[in-house]
Structures are given as structure tokens and as C-alpha cells.
Amino acid sequence: MAAHRVVVIGSGFGGLFGTQALRRRKDVEITLVAKTTHHLFQPLLYQVATGILSEGGISPSTREILAGQKNARVILGTVIGIDLTAKTVTSEVLGRQTVTPFDTLLVAAGAGQSYFGNDHFAEYAPGMKSIDDALELRGRIFGSFEWAELATAPAERDRYLTFVVVGAGPTGVEMAGQIAELAHRTLKRDFRAIDTRQARIVLLDAAPKVLPSFGERLGGAAKDRLTKMGVEVELGTKVVGVDSTGIDIEKADGTRDRIEAATKVWAAGVQGSELGAMLAAQSDAELDRAGRVKVNPDLTLPGRPDVYVVGDMAALDNLPGVAQVAIQGARYAAKHLKARLDGKPAPEKFAYFDKGSMATISRFSAVASVGKLRFSGFLAWVLWLAIHIVYLIGFKQRITTLLHWMVSFIGRGRSERTVTAQQILARNIIRKLDPEDLPKLPVVDSDHAPAPAVRTDDAAEAERAV
């Protein structure tokens with residue numbers, strides 16, 4: 001009997017945990033398609049951007065994680081087509097296209113940064129959704145201090161020493177706090193022509209509160225802590241323009257102002273993957289305002305019981321876009337599929353168990369919301385450390401992360417301060433290239449031969465025995 005073919009799109013929390021949840025099914029053959037070769041622990045991206053952690057520390061190889069799972073195969077490629085009628089997924093990498101058939105599809109492609117219809121802001125204000133984003137921001141942040149050291153005019157120096165973070169959610173709060181620690185603690189003895197403690201860090205949000213999902217008390221505690229660290233928190237403030245030298249804002253009373261700043265970080269808003277629109281066009285599904293797919297209570301696509309959508313791509317019961325929603329959703333989808341394959345009754349509708357939310361503000365200070373408990377300060381920070389270590393994938397990643405945290409939190413160093421011009425410039429240069437000029441894999445005549453069949457470990461062992 002032929003194995004049931006499952007294609008998983010995305011190597012984030014949803015894709016990885018969904019794949020692993022099917023690891024004991026010998027009657028299932030899984031192909032995980034992802035545009036990167038790593039699994040990204042996105043909650044710690046801001047620590048890569050601010051020099052605490054290396055990119056490898058939060059992005060272990062997907063192949064290494066799944067190496068022992070015999071029923072799973074990983075292929076690299078950006079998904080450019082989903083055909084629900086033909087039941088195929090088409091992916092592409094450097095001009096080479098691969099078509100993968102499926103019997104069941106699990107879509108966990110996540111979400112990207114939303115600029116609320118102002119995508120041109122992205123050129124000067126990178127988001128925080130990928131390793132490339134984090135490395136670019138690291139280059140911009142540390143580079144600004146270097147350029148300030150070279151400045152000869154006060155206005156130029158002040159522009160380089162001004163950092164604006166847009167978005168007062170967890171990512172924005174964490175970024176603003178870490179930039180403040182960089183300026184006031186880590187770098188204060190490293191320069192001669194500038195005093196990094198004079199850096200200006202501004203946190204902007206159109207909403208009236210910091211960390212609105214955490215409640216008024218914790219949001220207020222976070223705001224107070226940021227203010228004590230020297231961060232200017234401006235709420236009820238909308239961004240209306242971004243360019244290379246600054247950012248234009250509109251306050252709640254309608255007045256406009258401009259902040260001269262070389263470094264801008266965009267941490268406001270998310271937009272569902274463009275694959276959501278592709279799925280909606282071929283099914284009865286609708287999209288919400290953020291481009292997420294409105295799914296059935298069992299996380300299947302309306303009209304398509306063979307397609308599951310989980311994580312940041314799925315819109316159901318106003319669930320938040322956090323890792324736990326993706327993990328629990330993927331495990332539920334796997335359980336639902338196993339029941340269907342075994343001819344058993346499907347489990348009840350997906351029910352999310354909220355394990356709590358937390359955000360770190362600075363060393364020794366965080367806020368946490370767990371059930372009915374709300375607390376902040378050192379205890380919340382210790383809990384934040386423990387939870388993040390538990391959910392990091394891989395023993396090596398846990399050990400290296402602990403060592404880097406010891407260097408940064410107990411001492412004042414940042415062990416990952418290497419930056420290059422390529423980090424800062426590559427994204428925008430690639431974006432402006434003509435599609436014909438993009439690099440492609442070289443092709444020679446012999447490449448037109450059929451690809452070798454993928455052999456299982458049992459087949460390889462039988463061949464060796466002969």
C-alpha cells in the first residue's frame with residue numbers, strides 16, 4: 001500500500017512541530033518545503049540584532065533536527081505555486097523549480113512584516129522577521145555608532161546617535177531596551193569622540209499603551225522601566241514618512257513632527273504569507289484584514305479537508321500570532337490527520353491553551369502574564385530565561401545561548417558585534433535587481449537526466465547486503 005504523502009510548507013514552529021508529530025507513522029511520507037535551511041527561533045531575533053547571540057544560536061539546521069526521522073524529507077525552495085486540484089506544490093530556488101505532489105497539505109508559512117500599505121518604508125526601516133533582517137539591523141545599529149565617531153558636525157552626530165523603534169509590542173519593547181543597554185552600558189568606554197550615553201532612543205506606537213496585550217499594569221511597568229533607561233516613549237503617534245535620514249510622525253492631536261535618525265527599526269504589524277491569497281482563490285476560504293486565512297475549527301481550509309493551515313497564517317477565534325499557537329495547532333493538525341488515516345473519529349475542534357506571555361525589557365527586568373498571574377521585574381526575567389531555554393531546539397543551542405547570556409548579562413560585553421557592509425546593503429540591492437539579473441543555478445546538458453530516486457535506509461541496507 002502506497003504511503004500517504006504529506007507536504008509541509010515552512011520550517012518554523014508550525015512546520016517543524018507538525019512534521020515531528022508524525023514521526024512514528026510508517027504509513028506517512030513527509031516532505032517539508034522551506035525557503036531557508038534552518039528552523040528560526042524568532043522570539044530571540046532581537047538579540048542577534050543587538051549582538052548578544054549569534055545567528056547560529058537561534059537557527060539550527062532543519063536537516064540536522066530531522067535527521068533521525070526516517071519518514072521525513074527536507075527540500076529547499078520558496079513555494080511559488082499551490083494547485084489544490086492537481087494536489088501539487090511548486091517551489092523554486094535559484095531558478096530551479098520542483099513540483100511535489102501531496103495527499104495532505106500542512107501550510108505553516110508564517111507571516112511577514114506589515115507596513116500598513118506603505119511598503120516603501122521597508123527600504124529604510126527593516127523589520128524583524130528573518131536572520132537577514134536581524135543581521136542588517138545589527139550592521140545598522142553598530143554602524144551608526146561608528147559613523148557618529150567620524151561625524152564632524154553636531155547635527156550629523158546626533159542623527160547617527162538617534163534610534164527609532166516603531167511598535168510598542170514585545171519585539172519593539174525588547175529592541176528599544178537592548179539598544180538603550182548598548183548605548184548606556186556596553187559601549188560607553190569604546191569610543192573617544194562620542195559619548196554613547198548621549199544616544200537618543202525613541203519608541204513609537206499609534207496605540208495608547210505599551211504592550212497592550214499584557215494589560216494596563218504590566219504595560220505601565222514596562223513603560224516606566226523603559227523611561228528610567230532613557231527611552232522616549234511616544235504613544236498615540238503615527239508614522240507618516242520614512243527616508244534615509246529620518247522619520248515623519250503625526251501625533252494624536254494631528255500635529256506633525258520629524259525625528260532625524262539614521263537607524264529605524266520596524267516592529268509594528270504583521271501580514272499573513274502571500275500563500276494565504278493563493279489558498280483562498282482555490283477554496284471557500286476568506287482572508288482577514290491581515291491576510292490570514294479564516295480556517296474551520298479543526299484548522300482545515302473551508303471546502304478542503306485535506307489542507308490544514310496553522311500558526312500565523314491562520315485566523316481563528318482571534319488567536320495571537322505567537323509560537324505556542326503554531327506549535328499546538330500543528331500538533332492538533334497531526335492528531336486530526338492520524339485519526340482520519342486510521343478511520344477513527346476526529347478530535348474535537350482545536351482549543352488553544354494559553355501558557356502565558358512575557359517580554360524582556362532589559363537585563364534583570366521583564367514582564368510576564370501567566371494565567372491570572374501578572375508580575376514584573378527580576379522574577380519575570382528569570383522565568384523568561386527558563387522558558388526560552390526550554391523551547392530552544394538542540395542541546396548545542398541551549399549551551400551556547402547560556403554562555404552568551406552570561407557574557408552579556410553578568411558582564412557588559414556583546415560577543416557578536418561583527419558587522420559588514422554586505423549585511424547592511426544586500427537586501428535593498430537584491431530587491432532592486434531585474435529578475436533576469438538574479439543569480440540562477442548553472443545548468444549543463446547532463447542535468448536533463450532524470451533525478452535519482454530517493455532511497456530509504458532499508459533500501460540502501462538491502463543494496464549493501466547484495
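This is a predicted model: local features need pLDDT of at least 70, side-chain atom pairs count only at pLDDT 80 or more; totals for chains, interfaces and linings use all residues.
Local features need pLDDT of at least 70 and side-chain atom pairs count only at pLDDT 80 or more, while totals for chains, interfaces and linings use all residues. Residues are numbered from 1 along each chain as its sequence is written, and side-chain values use heavy atoms, with hydrogens and water left out.

**View 1. Salt bridge between K87 and D306.** The search of the whole structure gives 23 salt bridges (a side-chain nitrogen of Lys or Arg within 4 Å of a carboxyl oxygen of Asp or Glu). In the K87 and D306 pair, the N to O distance is 3.2 Å. These residues lie 219 apart and link distant parts of the chain: K87 is in the loop between β4 (78–83) and β5 (88–93), and D306 is in strand β19 (residues 304–309). Strands (E, at least two residues) are DSSP runs, numbered from the N terminus. D306 is buried at 8% relative accessible area, whereas K87 is partly exposed at 24% (buried is under 20%, exposed over 50%, partly exposed in between, with a 1.4 Å probe and protein chains only).

**View 2. Salt bridge between D195 and R197.** The side chains of D195 and R197 meet with 3.1 Å from N to O. D195 is partly exposed, with 28% relative accessible area. R197 is also partly exposed, at 45%.

**View 3. Salt bridge between K294 and E286.** The closest N and O atoms of K294 and E286 are 3.9 Å apart. K294 has a relative accessible area of 38% and is partly exposed.

**View 4. A network of D243, D248, R258 and E260.** Salt bridges with shared partners join these four residues into one network.

Notes
Helices (H or I, at least four residues) and strands (E, at least two) are DSSP runs, numbered from the N terminus.
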